[in-house]
Amino acid sequence: MAEALKPSPDPSRARLALDDSKALALLAAEACDDRKAGDIVLIRVEEISSIADWFVIASGFSDVQVRAIARSVEDKLEEHCGRLPLRKEGQKEGRWILLDYGEVIVHALTPDERSYYDLESFWGHGETESFVGSMDAPPA
């Protein structure tokens with residue numbers, strides 16, 4: 001019930017239900033995995049912050065790969081959900097790209113940036129879920 005009281009991050013559309021925002025986060029994680037991102041983590045932050053419901057955090061091992069991960073997320077969420085990011089940051093540098101979809105914020109970072117800013121520790125009091133992607137899956 002409290003969720004309905006939260007305003008939408010994008011006033012032009014209704015706020016997603018938590019299950020729908022999780023589905024959006026999982027789709028973003030899949031897009032990260034499509035570009036071989038490492039250590040993909042989802043953190044549920046909706047109970048501890050008003051800025052989003054979920055963070056998706058993924059590592060790219062070069063600035064080129066970080067940009068490719070971000071493009072993959074943008075393409076997949078637009079194709080499957082008709083969603084474009086409300087804001088984008090860091091694309092020029094390619095070391096930490098942030099894509100803000102309102103209920104979901106995607107962080108694609110190089111390992112050095114990820115280690116330095118340590119978002120998982122900062123937001124660690126949120127519920128954390130690891131995403132098992134193609135890089136993590138055991139061989140068949």
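**Exercise 1.** Leaving aside its neighbours within four places in sequence, which residues is E74 in contact with? Determine also whether E74 is buried or exposed.

*Solution.* The model examined here is predicted.
Step 1. Locate the residue: E74 lies in helix α3.
Step 2. List the contacts beyond four places in sequence: R83, P85, K88, Q91, L99 and Y101.
Step 3. Apply the cut-off: buried means under 20% relative accessible area. The relative accessibility of E74 is 13%, and therefore E74 counts as buried.

**Exercise 2.** State where F131 is found, and decide whether F131 is buried or exposed.

*Solution.* 
Step 1. F131 belongs to the segment that follows β6 (127-130).
Step 2. F131 counts as buried because its relative accessibility is 14%.
Step 3. Compare sequence with space: F131 and D39 are 92 residues apart in sequence, yet their C-alpha atoms are 7.6 Å apart.

**Exercise 3.** Describe the largest nonpolar core and identify which element gives the most to this core.

*Solution.* 
Step 1. The largest nonpolar core has 25 residues, and C32, I40, V56, V73, V104 and V106 are those with the most contacts inside it.
Step 2. Two or more residues come from each of α2 (18-34), β1 (38-44), β2 (54-59), α3 (63-81), β4 (96-100) and β5 (104-109).
Step 3. With seven residues, α2 gives the most to this core.
Step 4. A second, separate core has ten residues, including V41, I43, I105 and L119.
Step 5. Return to C32: beyond four places in sequence, C32 is in contact with A37, I40, V56, A58, I69, V73 and V106.

Note on methods. Residues numbered from 1 in each chain as written. Predicted model: local features only at pLDDT ≥ 70, side-chain atom pairs only at ≥ 80, totals over all residues. Heavy atoms only, no water. Helix = DSSP H or I, 4+ residues; strand = E, 2+ residues; numbered from the N terminus. Buried < 20%, exposed > 50% of the residue type's maximum accessible area, 1.4 Å probe, protein only. Core = buried A, V, L, I, M, F, W, Y, C linked by side-chain atoms within 4.5 Å. Contact = heavy atoms within 4.5 Å.
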